[in-house]
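Subject: Structure handover

Hello,

Please find the structure below, with the sequence. My notes on what was found in it follow directly after.

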Amino acid sequence: MSPVSTANSRLVYDALKASGVRLMSALPETWLVHLIRMAEEDPAMTLVRLAKEEEGVGISAGAHLAGVRSAMLMQNHGFLASINGIVSCAQLYRIPLLMIVSYRGEFGERDPWQTEGGGVTEDLLRALRIPFAYLDSPGHVAHRIAKAETLAHSANKPVALLLCRDLMWEEAS
Amino acid sequence: MKRVDALRAVYPQLADRIVVTIMGAVAAELQGIGHRPNFFYLQHAMGLASSMGLGIALARPERQVIVFDGDGSVLMNLGGLTTLARYRPRNLVHVVFDNESLLSVGGFPTATSTGSDLAKIAAAAGVPRTSTVSALDAFTHAFDEALAAGDLTTVVAKVEAVGPSKFVTDLSLLENRFEFQRYLQRDVR
């Protein structure tokens, strides 16, 4: 049994659906497995599995201009790999992006290879002036996702929600 | 073959189709022939024009989408070819103008100048229909066939490394973006 929380993944998924998201791009990582499976099993959702996360910026931009709401599911290292696309597609062209970013490398991280990316994630979001909030407790998942989606569309720009260990990982760490 | 002649030859067929181009010469030349509200020029984010085309094609399966890409841009997002092939949008025609160089930054040769074959890479990625053409009549024939085929197609058009004298046009990026969005959504309920 994976210690990734199925119940909290379901909360996140249902909140994305409730916000009108009908297309998700994703590159698998441990914390996202349930979310990706939920998207795959949902006939009302278009799931696009990527080779590299930056592609998702272009796919979301195209979907947005064509009238379809989307979300990007990625690890924070995928966010790092997407920065040029975020700046020179989404920000340059005022495209709303809803980025659901698994926040690896914060307190409690056991994988040494995640720690460097974890340490720069928030500073990079601030440097790019991307509004962000934590999803670290089930009680605020639904309204933070709804508010993030509202701001992305009113401001026409990328926003990020950081999926935190306290929400996604059930094993005490 | 010159890219501008290739664009001019197929221009009438772009009238009712959704068109996404890369930056630089392709954007400037197509605007020079005549801008339309159904044309979007991705003036940066190299590599993502095909990803944008995929997003539009998936969102609007009843409309035909044409992406005018380039060798430098495709080389920056080779993985995107595997994603295109994986979802195989039947309504997407992917044209790659291959001038074997990064023309807008001074003409530095790309890897296609030393033998990398983008049509074979696309085919190996799983794109069901691919071809390479180097003469104008072969290009228009391949383009027409791709439109009629109703399947994902990559046409690599070998073109001369020549372009317009300037790349900045009087069409603002955001004006283009909002006009294009309005065009795409005017028939959406």
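R129(B) has T153(B) as its bridge partner in β8(B). That pair belongs to a parallel pairing of β7(B) with β8(B), residues 153-158 of chain B, which is made of five bridges. Helix α6 of chain B, residues 118-125, packs on the sheet there and touches β4, β7 and β8 of chain B. The direction of α6(B) makes about 175° with that of β7(B). Please keep in mind throughout that this is a predicted model.

The sheet in question is open and has six strands, in the order β2-β1-β3-β4-β8-β7 of chain B, with parallel pairing. At its edges stand β2 (39-41) and β7 (129-133) of chain B; each has a single partner strand, so one side of each is left without a neighbour in the sheet. From one strand to the next, the twist averages 15°.

What does β3(B) pair with? On one hand, four bridges join β3(B) to β1 of chain B, residues 18-21, in parallel. On the other, β3(B) is joined to β4 of chain B, residues 92-98, by six bridges, again in parallel. I66(B) takes part in both pairings: V19(B) stands opposite I66(B), and in β4(B) the bridge partner of I66(B) is V93(B).

Chain A next. Chain A also has an open sheet of six strands with parallel pairing, in the order β2-β1-β3-β4-β6-β5. The edge strands are β2 (46-49) and β5 (132-135) of chain A, each pairing on one side only. Neighbouring strands of this sheet are turned by 20° against each other on average, direction ignored.

Within this sheet, β3 (residues 70-75) and β4 (residues 97-102) of chain A run parallel and are joined by four bridges. In that region Q75(A) stands opposite S102(A) in β4(A). Helix α7 of chain A, residues 138-155, lies across β4, β5 and β6 (158-163) of chain A. The helix runs at about 160° to β6(A).

Now the contact between the two chains. How many residues does each chain give to the contact? Chain B gives 28 residues and chain A gives 26 residues. On the side of chain B that touches chain A, the elements that give two or more residues are α3 (49-59), α5 (78-87) and α8 (173-185) of chain B. Of these, α3(B) gives the most, with eight residues. By class, this side of chain B has 14 nonpolar, 11 polar and three charged residues.

Last, the confidence values. Chain B has a mean pLDDT of 96, and 98% of its residues reach 70 or more. For the complex, the predictor gives an ipTM of 0.96 and a pTM of 0.97.

Regards

Definitions and conventions. Residues are numbered from 1 along each chain as its sequence is written. Chains are lettered from A and ligands numbered from 1 in the order in which they are written. This is a predicted model: local features need pLDDT of at least 70, side-chain atom pairs count only at pLDDT 80 or more; totals for chains, interfaces and linings use all residues. Two residues are in contact if their C-beta atoms, placed from the backbone, lie within 7 Å. Ala, Val, Leu, Ile, Met, Phe, Trp, Tyr, Cys and Pro count as nonpolar, Asp, Glu, Lys and Arg as charged, and the others, Gly among them, as polar. pLDDT is the predictor's confidence in each residue, from 0 to 100. Two strands pair if DSSP finds at least two bridges between them. Axes are lines fitted to C-alpha atoms, for helices over the stretch in contact, and angles run from 0 to 180 degrees between N-to-C directions.
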